[in-house]
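Here are my notes on the model you sent. Please read them with the structure open.

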Amino acid sequence: AYVLGFKLDCRQAVSLIRQAGGVAVLAHPYCLGGEDVIEELVNMGIQGIEAYYTEHSPALTRSYLALAQRKGLLVSGGSDFHGGSKPDVRLGSVTVGYELVEALKKAAGDA
């Protein structure tokens, strides 16, 4: 939820997620521009990247999968379904293999 005036920097957010037992995964990496910013986030402790996403072309998906492999990142994905606010995005239009879910669960100590 959005709270006016409340901000965390990336390092704080990653730390808080990990302290809470979560897995810090970068969503919508295409919004950041280049790989340099992702590299900074890797250095801050992110553990995964969203490679499968509605707005990713097949080439961009392959690029993020290769990046995840090079950096030792977990892979996530989803449709980003928001109901009526995104009528062109269908629930379940993007799926990921269960092995990716298992890897995320293991990283969270939940498997």
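Which residues in H2 meet which residues in H3?

1. Glu35, Ile38 and Glu39 of H2 meet Tyr64, Leu67, Arg70 and Lys71 of H3; contact means heavy atoms within 4.5 Å. These residues divide into three nonpolar, no polar and four charged. Here Ala, Val, Leu, Ile, Met, Phe, Trp, Tyr, Cys and Pro count as nonpolar, Asp, Glu, Lys and Arg as charged, and the others, Gly among them, as polar.

2. On provenance: this is a predicted model, in which local features need pLDDT of at least 70 and side-chain atom pairs count only at pLDDT 80 or more, while totals for chains, interfaces and linings use all residues. Residues are numbered from 1 along each chain as its sequence is written, and side-chain values use heavy atoms, with hydrogens and water left out.

3. Helix H2 (residues 35-44) packs with helix H3 (residues 58-71) at about 35 degrees, the axes being 12 Å apart. Axes are lines fitted to C-alpha atoms, for helices over the stretch in contact, and angles run from 0 to 180 degrees between N-to-C directions. Helices (H or I, at least four residues) and strands (E, at least two) are DSSP runs, numbered from the N terminus.

4. Glu50 has its place in strand S2. With a relative accessible area of 8%, Glu50 is buried (under 20%; exposed is over 50%, partly exposed in between, with a 1.4 Å probe and protein chains only). A polar atom of the Glu50 side chain lies 2.7 Å from the backbone nitrogen of His28. Beyond four places in sequence, the contacts of Glu50 include His28, His56, Tyr64 and Ser76.

5. Ile49, again leaving aside neighbours within four places in sequence, is in contact with residues including Ile38, Tyr64 and Leu67.

How values were computed:
Polar contact = N/O pair within 3.5 Å; in protein donor to acceptor, adjacent residues only side chain to side chain.
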